[in-house]
Each structure stands twice: as C-alpha cells, then as structure tokens.
Amino acid sequence: MKPPLSLLNPNMPSGSGSLMWFRKGLRVHDNPALEYASRGSSCVYPLFVIDPHYMELDPDAYSPGSTRAGINRIRFLLESLADLDSSLKKLGSRLLVLKGEPSEVLIRCLNEWDVRKLCFEYDTDPYYQALDDKVKNYASAAGIEVFSPVSHTIFDPADIIEKNGGRPPLSYQSFLKLAGEPSFSLSVELSWTPPVGDVGRCEILQVPTLKELGYVEKHQDEFTPFRGGESEALRRLRESLSDKEWVANFEKPKGDPSVYIKPATTVLSPYLKFGCLSSRYFYQCLKDVYKNVKRHTSPPVSLVGQLLWREFFYTVAFGTPNFDKMKGNKICKQIPWNDDDKLLAAWRAARTGYPWIDAIMVQLRKWGWMHHLARHSVACFLTRGDLFVHWEKGRDIFERLLIDSDWAINNGNWLWQSCSSFFYQYNRIYSPISFGRKYDPNGNYIRHFLPILKDMPKEYIYEPWTAPLSVQTKAKCIIGRDYPKPVISHDTASNECRKKMGEAYALNQRLKGLVSEEDLRKLRRKFDEDEDKQEPKPRRQRQKLIK
DNA sequence: TCGCAGTTGGTCCA
DNA sequence: TGGACCAACTGCGA
C-alpha cells in the first residue's frame, strides 16, 4: 500500500532524530508511522499533545467532561495513553506528553529538537486535515521529511473516490464493488525503538490522571465499564475471536440491543476510534477465522461487513463537503426540522417519559456506549420518528458522550437515521414501546438503567403511564411525579412526522435538491399551521408535560 | 424509464 | 419464529 502523503526525500541525512506524533493510532502493533520513525534513526521522540480545548474541564457543560468530550471518553483516552507509554517503555522508549495548541507545540518541538523525520498517521477528519496542513507546510519549509501513511483505515478513501470518477460511492454495495479486496501488509512487530532524544528546555509531562486534569470522582456516579488502551483492545479481540462459531455466524441486525452485561457485539469500536486496535489487523484476524470454518456470514451483516461500513462512511465523509451539516451538503435532504429545545433537553436528560428511550440515554451518559440498534431507536425518536428535532443536535450530543464517537461514522449514522441520506424509508419508524419489548419483554434493561421503574410490573414497564394508580403506588413510582409522563404521544407524533417527511421529500424532489432557506421557512410555517389547526389541545398539553 | 435492491419497522396471524 | 401485508422511499443499472 502506498504512503499517499509521504514527502520522501532520499537525500535526507539518515541516523538522526525522528518525531513520532501520536493522535489516534495509539498503539505499537501495525503502526507504519512508528516503524518508519524507528528505522535508521538515532533517536525517536514519541509525542502526544494534550489539547486543552478538548480536555479542559467545562463546569458549565450539561454533563461531566469538557466542552467537546464527556468524562468517559477523556478517561478512555488517558488510559490509552498510559498503556501506550507502558508499551513504549518495554521497547526502550516512553511517551512524551506536552500541553497546548497542537500545531504550536509541534512547531516548537520541530524547532528545538533534533528532528529530521516527522511521522504521523494520516487522518481524514476535517480537524486534522487543517491541522496537518499547517504542520506539514512548516516541516517541509524547514527541510524536515514528512511521512504520513494511511493506517487508520483499511482502504485509502482518496483511492476509492478517484476510482469512482472523483465522487464518493453513495451506497454500500457500490462501495464494495469499487473497493474490491484490500491489499496491505501489516507493519513489522517492533522489538525495540531508538531511545528518546534530548528534549532541551521542553517541560515534559507524565500521562495525567483525571484528577490532575481537574476532574473529581463526584463528577460522575458511574464510569464506563470499558477500559482504554491497546492491551485491553488486543485482549478483547482475542476473547471475541476465540469463539469461532460466533465470529462466523455474526449477523449485526440480529443482535439484541437490550443485553448489557455481555453485549451482543465485540465492543471494539472505541478501540478502533482511538486506533488502540488496527482495523487492518482486525480485518486480517477475521479473514483467518473465516479460512478455518465451513461457512460464514458476509457483508453487510458479518463482522468483516462492520469494518467495511466504517470504510464506507470514512470514504463518503472524506469526499463530501459539509458532510456534518444539512446546509451545503449535497447528499443531505433539506428538511425543516424544528428548534424545540425543550424536547431536545428532555431527550438528552433521559426524561422523555418513554422508558426504553430514557434507559438508552442513561446508558449513553453513564457508559458512553450503547448497542447499535439502541442508538437507532433514540436517533429515530429524536428526529424523523417522533420529536422532529434536527439531527445535528442529536449528533452533537452523541459526539460528546460516546466513547467511540467518530466524526465520519457518527455523522453518517445520523444522516442515515434521520432519512437525510443513504436511507429513505421514512415510514419505517422504530416504536419506542414495542421495539425494546420484542427483545426484552421483562424490561430488565430498563430496570437496570432506570431503577425508579425497577418494581413496575412487566405489563406496564414500556408504557408506565397506562398503569393504574394502585399499580404505580405499589411500584413506588408515580408517573408525573417520580417519572415523567410522555412528552408526546407516539401514535400522533409519528403520524405527523411521516406526513412532514413526505412533504419535505416532495419539496426536495420538486426543487431537485436546491431548497433555499426561504423554502424551508415556508414549509416549517405550514407544519406549524397544520399542527395548530388539527391538534391544538395536544400541543398545549405537550408544553405542559415538558415543564 | 423501469425494475430491483436496500444491514436491522410494525402488526397480525398461523 | 417466520411470513404476509402495509405503504412506499431512493439509487443504481439495464
């Protein structure tokens, strides 16, 4: 596989220092940038920059954490860094931690340290594209070789887009056809790395603890059960792969979203997000299992299929300007979503009055991880299914709270679930009542994450507002007092949503996607008028319920 | 232009 | 548990 952004200069002197800049790719296995940094260098500076903008405690945030990341993801990152430091120490090195705006820190290091090669994993996220351009330009002007290989994904998104005539494929099947079989070779296993060079006047930090960053235990009553780091990633991988039958028969849509003690999936997504696990290594391991079984499932539902979904979203995200927005995004339907902050707040706070939805939102806040179908349930509920709130608002909340939140995949899934792109069958709405009940009739998942409902009889646990007062009293949970009444009626709201989606789709079709702000305003006004005309009473009730 | 396929809907019924 | 039916979307390829 070619290193697409390497600026190789054969005339560079060898035997001098390299700077290995870790961002994602927090691992020593299959790390071509680290391998290249180590090769022929007299010293290597393995660096991670703590960006205060990402890590600093935000006391005003709606849940513990920084402005951009919930406490669970910060913790997961710190654990991953500590594990990386420990792995590097075994190789005769260590992780150098510095704090500050990353491009400024990098440029200072390149100035002060003995660096002839700058190595870092290529990153397609817009944040890193801009940052990397800045650092690369500086390094090139200073005569420093830059090596930036594609190793976060199996394929190079730019290659796929080029094969498709400059446009990203918009369906999974067309992606598969274009991508074909991947060709990569894993980087060699390192048995040692050159020692750390002289750091001069730079004040190097140890990997900080949550406490040192200003977070205290009281900020969170329950932490995610998933520990960060490459060692844990490889342990989880081995554990998943040990059950060959399970790997061979894996079918994503058949997974049970209500299982939480031993989740129905591998839960390797956070490790892939931070690059604690190489997606290429994971892919190769799965292929090895497939070789030794009689039959196995295939994409899109198989485990390899899941890795390819990741590749698909990375490719579309990389090739689509404004992928994370509705406006200016050519593949996104223009829909006049409402700006109901109260409904959004109820959803975020796990107080919609629908226990299945609220339990999932509690799991998000406490664990930073939920099953894929659980994510679908709450995303559909917030957007096209019930509340008709803009998908970008839900996306922001997921992005901050998920330990595996990944720019391309998170945005892709919100576009998908809101029927804004990729998927268009807006009539298929997840029921906030029957979808969960199908998997977990007794409501064990709800009882665990919403203990206020733990004594509610199973007949009522998915719709506790229908329980007679005597039952509510016996269950020590009065609806409207101890647990909220539903913020909307699902039957009414979902029918209204279907109608609105139909009208919005018709508008997009009529104007061939060129929908202006004024067009959207007009349609939004029409929705409001229709609602006032048809259901004035429920609307007032709804406002009352939210209070 | 048409027919088909599309990771994961809900409900009813046998 | 699986199939029929509901009501119907888009992208893709022929």
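Me: What makes the lining of the largest cavity charged, polar or nonpolar, residue by residue?
Reply: In this predicted model, the lining divides into six charged residues, one polar and one nonpolar. Asp, Glu, Lys and Arg count as charged; Ala, Val, Leu, Ile, Met, Phe, Trp, Tyr, Cys and Pro as nonpolar; the others, Gly among them, as polar. The lining consists of Glu 496, Lys 499, Lys 500, Glu 503, Phe 527, Asp 530, Glu 531 and Gln 534.

Me: Which helices each supply at least two residues of this lining?
Reply: They are helix H21 (490–510) and helix H22 (517–534), helices being DSSP runs of H or I with at least four residues, numbered from the N terminus.

Me: Why is this space called a cavity?
Reply: On a 1 Å grid over the protein atoms alone, a cavity is a set of points where a 1.4 Å probe fits but cannot get out, and lining residues have an atom within 4 Å of a point. The volume, about 80 Å³ here, is the space filled by probe spheres set on the points, which are joined across faces, edges and corners.

Me: Which residues are around DNA strand C?
Reply: They are Leu 170, Tyr 424, Gln 425, Tyr 426, Asn 427, Tyr 505 and Gln 509, each with a heavy atom within 4 Å of the strand.

Me: How are residues and chains labelled, and which atoms count?
Reply: Residues are numbered from 1 along each chain as its sequence is written, while chains are lettered from A and ligands numbered from 1 in the order in which they are written. Local features need pLDDT of at least 70, side-chain atom pairs count only at pLDDT 80 or more, totals for chains, interfaces and linings use all residues, and side-chain values use heavy atoms, leaving out hydrogens and water.

Conventions: On a 1 Å grid over the protein atoms alone, a cavity is a set of points where a 1.4 Å probe fits but cannot get out, and a pocket is an open set with protein on both sides within 12 Å along at least five of seven lines; lining residues have an atom within 4 Å of a point.
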